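Dear colleague,

I am passing on to you the structure that follows, and below it I have set out what was found there. Please read the notes with the model open beside them.

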Amino acid sequence: MPGIKDRNRAAGSGRSRPAPRPFVLWREVLTAYTAPALTAGAAGVATGQRDLAVAALTSIAGTSAVVALVVGAWLRHGGRPRRWTTTLPKAAVTAVLVLAVTGAAALLGWFAAQWLPAHTLLPATARLERLRIDLPLSAALATTVVTLRWRSTVAARRR
């Protein structure tokens, strides 16, 4: 079927490439929760680290899902992407968003671990201390994956 092959052919490359699957926000959020929950949870169970297994399902995966939702919705901007997010190189857009979101998550992790026990009735626990690492790391990974996935679908639509 020459017609199908020609449509799937990458522009100027001479090779057929499958089209990237469309960017569907709920699917990206589900993946952002499931992937770290399974991998970090399995690592926690395999190494006998109960706190890692619990954090995998709560702070690690939860942060990833929330960040994927917020960043994905912001990138789509109601279906119309912002001009700079489509004109700058993919690596530059990803770096800017990763730095911004990771910085916000690091501040939130510090706030939760430091400020809450000092100013509320919450005791300082190891789980609160984990947030200093879990939140920025999860935010950086989720932002990177969602931004790169979104850009690949935007670039495919423009071709």
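In what order do the elements of the protein run from the N terminus on? They run α-α-α-α-α-α, and the protein has six helices and zero strands, where helices (H or I, at least four residues) and strands (E, at least two) are DSSP runs numbered from the N terminus.

Before the details, please keep in mind that this is a predicted model, in which local features need pLDDT of at least 70 and side-chain atom pairs count only at pLDDT 80 or more, while totals for chains, interfaces and linings use all residues. Residues are numbered from 1 along each chain as its sequence is written, and side-chain values use heavy atoms, with hydrogens and water left out.

On confidence, pLDDT is the predictor's confidence in each residue, from 0 to 100; its mean for the protein is 85, and 86% of the residues reach 70 or more.

As for the interior, buried residues make up 36% of the 159 residues in the protein, with buried meaning under 20% relative accessible area (1.4 Å probe, protein chains only). The largest nonpolar core has 23 residues, and those with the most contacts inside it are Val67, Val71, Leu75 and Val146; such a core is a set of buried Ala, Val, Leu, Ile, Met, Phe, Trp, Tyr and Cys residues joined through side-chain atoms within 4.5 Å. Two or more residues of this core come from each of α2 (25-47), α3 (50-76), α5 (90-119) and α6 (126-158), and α6 gives the largest share, eight residues. Leaving aside neighbours within four places in sequence, Val67 is in contact with Gly72, Val101, Ala139, Ala142 and Thr143. There is also a second, separate core of five residues, among them Ala40, Leu52, Ala56 and Ile60.

A polar atom of the Thr86 side chain lies 3.0 Å from the backbone oxygen of Arg83.

With kind regards

Methods
Buried < 20%, exposed > 50% of the residue type's maximum accessible area, 1.4 Å probe, protein only. Contact = heavy atoms within 4.5 Å. Polar contact = N/O pair within 3.5 Å; in protein donor to acceptor, adjacent residues only side chain to side chain.
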